[in-house]
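Thanks, everyone. Let's go through this one together, from the overall picture down to single residues. Have a look at it first.

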Amino acid sequence: MAISTGFGFCRLPCLPLRTPLHRFVLQVKVGYAAAVEAFDDTENEKVIDSARGGGALGKAPEWKKLKSKDLGISTSKISRPTRVVLNGLRKRGFEVYLVGGCVRDLILKRVPKDFDIITSAELREVMRTFSRCEMIGRRFPICHVHIDDTIVEVSSFSTRATRYGRGMSIDPEKPVGCDEKDYARWKNCLQRDFTINGLMFDPYAKLVYDYMGGVNDIRKAKVRTIKPAHLSLTEDCARILRAIRIAARLDFRFSKETALAVKRFSASILRLDRGRLLMEVNYMMAYGSAEASLRLLWKLGLLEILLPFQAAYFVRHGFRRRDKRYNMLLSLFSNLDKLLAPDRPCHNSLWFSLLAFHEALSQQPRDPLVIATFSLAVHNGGDVSEALSIARRIDKQHDKSFSELEPRYVESDDDLLDEVMSLAAFIRSALTHMTDEYFVSQAMAKYPKAPYSDLVFYPVANYLRVCKIFECVGGGREKGFVPKHGTRIDYELLGIGSLKEVRHVFARVVFDTIYPIDDRLQS
């Protein structure tokens, strides 16, 4: 890839809970090319990485055992499939806990995206407990337990990461006065990414175990790494994207140390494989926090690496790193977010189609009537004549704040149809450019301070799926295609990428953006 990074490190094997930070040293030699530089002075603010405050370990938080009732957790919010797995393991005499992000979400009274379980059972014992169960993963194996149509992830306290080679002990030193159960829980929490994810919940004892200060950081709305931030993010660069996704979804801020490390090591995400990158970006875009994710990616210097066409759009329009204003790109995804949630995601073809649609408009602004006709034609499967007839009857004022909208009276239907076909061609071109390494590498070429990136993580099969959304425009009405009626969204179909559902939501988002329901953007 275009940006190369090299990391060499060694670490001491013991990590007592309350020892000074110098006992936990990770020697990092970083070859960091093409560092992300700012396009404005807000990015040059000084953030000092304190030697004692780089992560939860530096502050040595006190261990806490909290009643779930005092934290507002209700066990009724635990999904039925998760209960089946918890009960099945507990009946066989094993300890079971909910762990990670689901505990955080229960404290925040949010709907968890999924529930993760950790148990004292060996994974082979989990396999024997449930008939529909499979073991996955090499470095850190877990079990997938199938309950009806749901997969419940189960990990074991006894599982050891194999990253540093077989037989190499990296167990932290057991603190004085610590019993075996506390030690097992604490040791597992040390392996996790952020303090707010380092919580364990015993739903039977109704207790939450907090060894990393996670509850306090939830109350402060703060994302902080468990290990010192620069160590944590070099150990696993995927945590950079996970941090942004969590902060965007929860409207949390980063600790100063975490923010500095994210900026410093942003280019290291290029080491991730394309499938992992797509998964992480999809988590940002498809679950109801796309607008906030785009803002954070831009603020922290990652947008120009992951989505350089969209970063170039921000630069062209003078959108600063900490800008609070809206533009058409952010408005499109703000309106998409209103229709989605962690338990009601969309297929990745929908958000990618919106990116391509907007890129086409940013290159060639259009009359709102042209955009309305095009969107209606997408919705109804290519009946452009019907779309034109409906669009002509729109009497609502379009949003005047977007430079992508360029009103000009299109008198004849033939001229309007020509404009619609031109827009369709521009979208096809945008799709091609956004999935071609050469064009991606040139997107930010005019801005020498930007990192060079030719990263294309969107696969060909998905690209063809997005093309299918738009190919009906210009090809005549698709045979057998029945457009969706009414406003109710079938989220199961939307999640698997049903053409009818995706086209419906695409048209709805575009209309809500061009002709906003409220007047927030028209002032």
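Accessible areas here come from the Shrake-Rupley method with a 1.4 Å probe. By that method, the accessible surface of the protein comes to about 23300 Å². Carbon and sulfur atoms hold 50% of it. Keep in mind that this is a predicted model.

Now the overall numbers. The protein has 523 residues, and 56% of them count as buried. There are 22 helices and 12 strands. Take the contacts with a separation of 6 or more: 71% of them are between residues 24 or more positions apart.

Next, the core. How many residues are in the largest nonpolar core? It has 146. The members that touch the most other members are Leu98, Leu306, Phe333, Trp351, Phe357 and Phe374. There is also a second, separate core, with 15 residues. Among them are Tyr97, Cys178, Cys189 and Leu190.

Let me stay with Phe357. Set aside its neighbours within four places in sequence. What is Phe357 then in contact with? The list is Met328, Leu332, Ile371, Phe374, Ile427, Phe506 and Val510. Phe374 is on that list, and Phe374 is also one of the residues that touch the most other core members.

Two packed helices are described by the angle between their axes and the distance between the axes. Helix 15 covers residues 348–363, and helix 22 covers residues 499–514. Their axes come within 10 Å and cross at roughly 45 degrees. Helix 15 and helix 22 are therefore oblique to each other. The crossing is right-handed. On the helix 15 side, the contact is made by Ser349, Leu350, Ser353, Leu354 and Phe357. On the helix 22 side, Val502, Val505, Phe506, Val509 and Val510 make it. Why does the spacing look like that? An α-helix has 3.6 residues a turn, so residues three or four places apart point the same way.

A second pair: helix 16, residues 368–379, and helix 17, residues 384–391. The axes are 8 Å apart, and the angle is about 135 degrees. Roughly antiparallel or oblique? Roughly antiparallel needs an angle over 145 degrees. Helix 16 and helix 17 are therefore oblique. The crossing of these two is right-handed. Helix 16 brings Leu369, Ala372, Thr373, Leu376 and Ala377 to the contact. Helix 17 brings Val384, Ala387, Leu388, Ile390 and Ala391.

On to helix 13, residues 308–316. This one is mostly covered, with eight of its nine residues buried. Those are Pro308, Phe309, Gln310, Ala311, Ala312, Tyr313, Phe314 and Val315. Which helices do they pack against? Helix 11, helix 12, helix 14, helix 15, helix 18 and helix 19. Just after helix 13 comes Gly318, with a positive phi of about 65 degrees.

Take Lys109, where phi is near 60 degrees. Lys109 is in the loop between helix 3 and strand 5. Buried or exposed? Exposed, with a relative accessible area of 53%. Then Asp148, with a phi of about 55 degrees. Asp148 is in the loop between strand 7 and strand 8. At 49% relative accessibility, Asp148 counts as partly exposed, because exposed means over 50%.

Gly288 lies between helix 10 and helix 11. Gly288 and Leu340 are 52 residues apart in sequence, yet 4.7 Å apart in space, C-alpha to C-alpha. Leaving out residues up to four places away, Gly288 touches Asp337, Leu340 and Ala341. Its relative accessible area is 27%, so Gly288 is partly exposed.

Ser255 is in the loop between strand 12 and helix 9. Buried or exposed? Buried, at 2% relative accessibility. Ser255 and Lys222 are 33 residues apart in sequence and 6.2 Å apart in space, C-alpha to C-alpha. Beyond residues up to four places away, Ser255 touches Lys222, Val223 and Arg224.

That's my tour. Over to you.

Key:
Residues are numbered from 1 along each chain as its sequence is written. This is a predicted model: local features need pLDDT of at least 70, side-chain atom pairs count only at pLDDT 80 or more; totals for chains, interfaces and linings use all residues. Side-chain values use heavy atoms; hydrogens and water are left out. Helices (H or I, at least four residues) and strands (E, at least two) are DSSP runs, numbered from the N terminus. Buried means under 20% relative accessible area, exposed over 50%, partly exposed in between (1.4 Å probe, protein chains only). Contact means heavy atoms within 4.5 Å. A nonpolar core is a set of buried Ala, Val, Leu, Ile, Met, Phe, Trp, Tyr and Cys residues joined through side-chain atoms within 4.5 Å. Axes are lines fitted to C-alpha atoms, for helices over the stretch in contact, and angles run from 0 to 180 degrees between N-to-C directions. Angles under 35 degrees count as roughly parallel, over 145 as roughly antiparallel, 65 to 115 as roughly perpendicular and the rest as oblique. A crossing is left-handed if the near helix is turned anticlockwise from the far one by less than a right angle, and right-handed if clockwise.
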